[in-house]
Every structure is written in structure tokens, then in C-alpha cells.
Amino acid sequence: MWRKAAAVALLALAVGYLYLGSRPDLPDQMIQYFLPLLHPSPHSKPSSPTVEQVISSAWEVMITTPAKQWGRVAVGVNACVDVVVSGVGLLQALAVDPGTGRDHQVLHSKEDLREAFIHYMEKGAAAERFFSDKEVFQRIARAAAEYPGAQVLLCGPVGPKLHEMLDEQIVVPPESLQEMDEYHLILEYKAGEQWGLTRAPQANRFIFSHDVSNGEMRALKTFVASLEEFQPDLVVLSGLHMMEGQGRHIWDDKLKEAVASISDVRNQVPIHLELASMTDKDYMNRVMQEQVIPMVCSIGLNEQELLFLSQAGSGPHSEMTSWKGIPDVGRVSDILLWILETHGHSDPEAEADLTRIHFHTLAYHVMATVNGHWDNQPAAVMAGARVASTQACGLQTVDVNKVVLKAPLEFYSSNHEPREILTLNPGDPVTVWHRGNVTFYLTPVLVCKEPLRTVGLGDAISAEGLLYSEIRPQQPFLD
């Protein structure tokens with residue numbers, strides 16, 4: 001058995017070196033021995049592992065739990081019932097014809113919905129918008145609930161439907177209960193799906209709602225007040241993006257209230273903030289500048305949210321209107337470093353608390369952390385990538401026949417000099433580099449070829465990454 005294990009280990013090592021494009025440490029005889037396995041002839045038996053198999057096997061070995069795990073986690077304050085349907089199918093059922101796409105910060109009609117949906121479908125990008133007309137939204141919601149194949153997903157304010165879906169171990173403060181649920185409509189589309197002249201380059205979803213309870217952060221005070229009794233080890237916040245659609249006259253005051261509430265928590269327990277789709281640069285600037293992002297220890301976000309954050313703050317590559325294909329690793333690295341240096345704690349003298357960013361995009365994930373604050377981050381970033389693969393395919397474990405590697409095998413640490421040329425080794429699938437006081441960890445995603453679900457993946461990725469992360473005790477979090 002040890003011989004078989006040794007052969008597998010050597011094979012993984014050989015695959016890694018071949019993908020690195022470098023052979024100095026491998027004898028020519030070993031290369032010649034493994035080359036037929038990597039490139040078998042039509043008459044040979046298929047026995048070599050695919051690159052997806054090598055990565056998946058490496059994940060299983062390298063993803064280890066941290067020395068100290070979170071015992072109690074408080075999650076708030078964006079709670080709702082998601083109704084998941086085919087986007088094209090629902091719009092056709094609403095007698096909406098395809099046309100040209102156009103983005104809208106707020107949706108006021110079915111026509112706005114159609115245009116915004118097409119705008120993001122043709123990019124294959126995720127987005128979320130507020131629908132201002134309550135009656136029209138309710139008519140669309142009823143149609144969605146009756147649509148064949150509609151699924152309800154639990155994703156704050158808790159109504160009767162949401163309450164019955166919750167596990168008995170989830171504690172809901174009585175003050176959070178309300179008579180009506182908040183529904184979010186999730187319009188999904190598949191890779192290659194076509195509507196009129198629009199063709200989706202990849203699977204994704206478009207979310208919209210008329211969610212006033214979450215938009216006004218009504219549950220935030222109750223949530224914060226519950227923390228003293230619950231005594232969590234970690235606080236996870238989401239839903240700040242919901243305020244944006246309420247208009248400046250509402251979010252201006254509500255954001256101040258949110259900042260005041262968060263400031264009451266920050267000195268007691270570490271906080272993770274999950275960002276989501278936004279369109280108002282003034283609002284995003286307030287989230288950055290008004291001590292929201294600097295007051296949390298960790299944030300999670302995708303490629304659109306990362307670029308918009310840079311655009312709002314005139315950061316690196318803010319002149320870009322959107323990413324072209326797979327986001328360039330060097331540009332992503334530049335923006336992540338800018339956030340931690342400008343709004344984080346990369347400088348030991350800085351007052352900000354932010355020391356960790358979990359970035360996720362379709363093809364790869366990056367964890368960027370300020371040195372000396374977090375442990376087990378290689379395992380954490382791999383765990384997030386693994387759950388992206390399994391959940392998208394609707395499986396419990398990675399099926400290497402249903403996934404494909406899309407991450408680049410070679411990339412730069414920055415978009416400008418000085419920079420390093422970095423490589424991805426499938427046998428050791430975490431690439432690490434350092435810039436100043438920040439360490440970056442990149443791992444590929446094994447992308448599901450035919451995803452069964454797109455909604456909730458970002459939350460699952462961040463949750464899994466946090467589960468495998470360990471924060472080092474710092475003042476004022478010492479026991």
C-alpha cells in the first residue's frame with residue numbers, strides 16, 4: 001500500500017512541476033516515466049489523474065481545521081425568503097419581450113426589470129436591485145411562486161414562513177419576529193442560455209425585492225442588544241446594501257445608526273461584513289469612509305463589488321468600467337492591497353480594524369490578510385473554493401467529472417512594476433505572495449460545468465472561509 005501511496009505522491013509532484021513549467025529538481029528519467037501517464041497514447045489505458053483530480057485530492061489533504069474554532073456565531077441582519085426561478089422563463093410568463101439591456105439603480109417597472117436583467121445576463125454577472133413599486137412587485141412575486149419548478153431557499157426580520165424553515169438550534173430574538181415575510185426573487189440563468197439576442201457567457205443570477213424591513217435595517221438594534229446575552233465569538237453582518245435602494249433621505253440617517261450600533265460591538269468581538277451588489281458611489285463611499293469597513297475585522301466580496309469599491313474611492317484601476325473575462329490577478333491584488341492600506345490595519349499605528357479580505361470570483365479565490373492577525377488562511381481559502389464547487393453542482397463532495405479548471409496557471413502579483421511572475425501548482429494549490437505587510441493566498445476554483453444553483457454561493461464561500469479561519473488574540477479581544 002505504501003508503494004501505491006508513494007507513486008500517487010510522486011505523480012502529484014510531477015504534475016505540479018510540469019504545470020510550473022520548470023524541471024530543475026526532477027530527473028529526466030522521472031519526466032520520461034510520467035509523461036506517458038500525463039499524455040497517454042490512444043491505445044494506452046487512461047490511468048493518469050486529471051488536473052482537477054490532482055487539485056481536489058490536494059484540497060482533501062491540505063484543508064485542516066484551525067487550532068481554535070468559533071463556538072458561537074451571531075449572524076444578522078439581512079433575513080428573507082428567496083424564491084428561485086428561471087429568469088427567462090419568468091419574464092416570458094410575465095409577457096415581457098426581450099430587447100436591449102440597460103442598468104438601473106432602482107427598478108420602477110417590469111420594463112426596468114427586463115432591461116437590468118438583460119444588462120447583467122449578457123455579462124454573466126450577478127446583481128441585486130430594489131423594486132420600488134410594492135404592488136407590481138407583489139404581482140411578480142405571486143407569478144414567481146406559481147412558476148413551475150420554483151424553489152424556496154432560506155437566506156433580520158423573521159416572518160412565519162421563514163421562522164418555520166429555521167433549524168431549532170438557531171436562536172431568533174422575539175423582537176425580530178414580524179407578521180409578514182420579506183421575499184427576494186432570484187432570476188437564474190444558465191451558461192449559454194439565450195433570450196432574444198442576449199446570450200449568457202456563464203451561469204449567474206439577478207436578484208430584486210421590495211424589502212423595506214431589511215432596507216431600513218429594522219432588526220439591527222435588536223440584534224446588537226441580543227449580543228450581550230448570546231456572547232458570540234464572532235459577529236457576521238450583511239444587508240448594508242439593502243439600504244441603498246431606500247434613497248439618500250433614508251439611508252443617510254440609517255447608516256449613521258448602523259455605524260453607532262457597530263461601534264458598540266467592535267471592541268467586544270471580531271466582526272465580518274459581507275458586501276453585496278451596490279450602484280450608488282456616494283453610498284459606497286460612506287460605507288468606506290463613515291467607519292463601517294474600517295470598524296470590521298474582515299470582509300467578503302466578489303469581483304464586481306471589489307471593482308465598484310475602487311471606483312467609488314478612486315482606487316487602483318477605477319477607470320475600468322467592468323472586468324473582461326476572468327479578472328486579472330494582478331489588478332485584483334492591487335485593489336485588495338489598496339483597501340487594506342487605505343481603510344485597514346496594515347499600518348500598526350492605524351485605528352482601523354480591517355485585517356482580512358476574502359475575495360471570490362468564478363475561477364479563483366484570494367485571501368488577503370495583514371500579517372500577524374490570522375492563522376490557517378491557506379486552508380480557509382481552499383475550503384471556500386471547495387464549497388463553491390460542491391454547492392454549484394448540488395453535491396456534498398467534489399465530482400471531478402463535473403468540474404473544470406478555469407484559473408490561469410501563470411499570473412502577476414501586480415499590474416505594475418515591481419511585480420512577480422507567479423504560478424499555480426495543482427499539487428499544492430495555494431499560491432502565496434507578499435506585498436508590504438500583507439500576505440495573499442490564491443487557490444483555483446473547480447468550476448461546475450452545469451451548475452444547479454448560483455444564489456447563495458458568495459455567502460457559503462465566506463462562511464466556509466470563516467469556519468476554517470482563526471483570528472489571533474489581539475487587544476481588545478484577549479480573553
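All views come from a predicted model.

**View 1. Phe359, a buried residue in strand S13.** Phe359 sits in strand S13, which runs over residues 356-360. With a relative accessible area of 0%, Phe359 is buried, because that value is under the 20% cut-off.

**View 2. The whole chain, for orientation.**

**View 3. Helix H9 alongside helix H10.** Two packed helices are described by the angle between their axes and the distance between the axes. Here the pair is H9 (residues 220-230) and H10 (residues 248-265), whose axes come within 10 Å and cross at roughly 10 degrees. That angle makes H9 roughly parallel to H10. On the H9 side, the residues that meet H10 are Leu220, Lys221, Val224 and Leu227. Their partners in H10 are Glu257, Ala258, Ser261 and Val265. Sorted by class, the residues of this H9 and H10 contact are five nonpolar, one polar and two charged.

View 4. Gln231 belongs to the loop between H9 and strand S10 (234-238). If you're checking backbone torsions, look at phi here: it is near 55 degrees, a positive value in a residue other than glycine.

**View 5. Helix H10 again, now with helix H11.** H10 also pairs with H11 (residues 281-289); the two axes come within 11 Å and cross at roughly 5 degrees. H10 and H11 are therefore roughly parallel to each other. H10 brings Arg248, Trp251, Asp252, Leu255 and Lys256 to the contact, while H11 brings Asp282, Tyr283, Arg286 and Val287. What is the class make-up of the contact of H10 with H11? The count is four nonpolar, no polar and five charged residues.

**View 6. The disulfide between Cys393 and Cys448.** The structure holds one disulfide, and it joins Cys393 to Cys448 with an S to S distance of 2.1 Å. Cys393 lies in helix H14 (residues 377-393) and Cys448 in strand S21 (residues 446-448), so the bond ties together parts that are 55 residues apart in sequence. Which hand does the disulfide have? The torsion about the S-S bond is about 120 degrees, so the disulfide is right-handed. Both ends are tucked away: Cys393 is buried at 7% relative accessibility, and Cys448 is buried with a relative accessible area of 10%. Another cysteine, Cys297, counts as buried too, at 6% relative accessibility.

**View 7. Thr390, also in helix H14.** Thr390 lies in H14, the helix that holds Cys393. Is Thr390 buried or exposed? Thr390 is buried, with a relative accessible area of 7%. Leaving out neighbours within four places in sequence, Thr390 is in contact with Leu395, Gln396, Thr397 and Val398.

View 8. Glu417 and Pro418 are joined by a cis peptide bond, with omega about -5 degrees. Pro418 is placed in the loop between strand S17 (410-412) and S18. Follow the chain into S18 (residues 421-423) and you get to Thr423. Thr423 is partly exposed, with a relative accessible area of 24%. Thr423 and Leu409 are 14 residues apart in sequence, and 5.6 Å apart in space, C-alpha to C-alpha.

**View 9. Ala95, out in a loop.** Ala95 is placed in the loop between helix H4 (87-93) and strand S3 (106-107). Its phi is near 60 degrees, a positive value in a residue other than glycine. At 64% relative accessibility, Ala95 counts as exposed.

How values were computed
Residues numbered from 1 in each chain as written. Predicted model: local features only at pLDDT ≥ 70, side-chain atom pairs only at ≥ 80, totals over all residues. Heavy atoms only, no water. Helix = DSSP H or I, 4+ residues; strand = E, 2+ residues; numbered from the N terminus. Buried < 20%, exposed > 50% of the residue type's maximum accessible area, 1.4 Å probe, protein only. Axes fitted to C-alpha atoms, helices over the stretch in contact; angles between N-to-C directions. Parallel < 35°, antiparallel > 145°, perpendicular 65-115°, else oblique. Contact = heavy atoms within 4.5 Å. Nonpolar A, V, L, I, M, F, W, Y, C, P; charged D, E, K, R; others polar. Disulfide = S-S within 2.5 Å.
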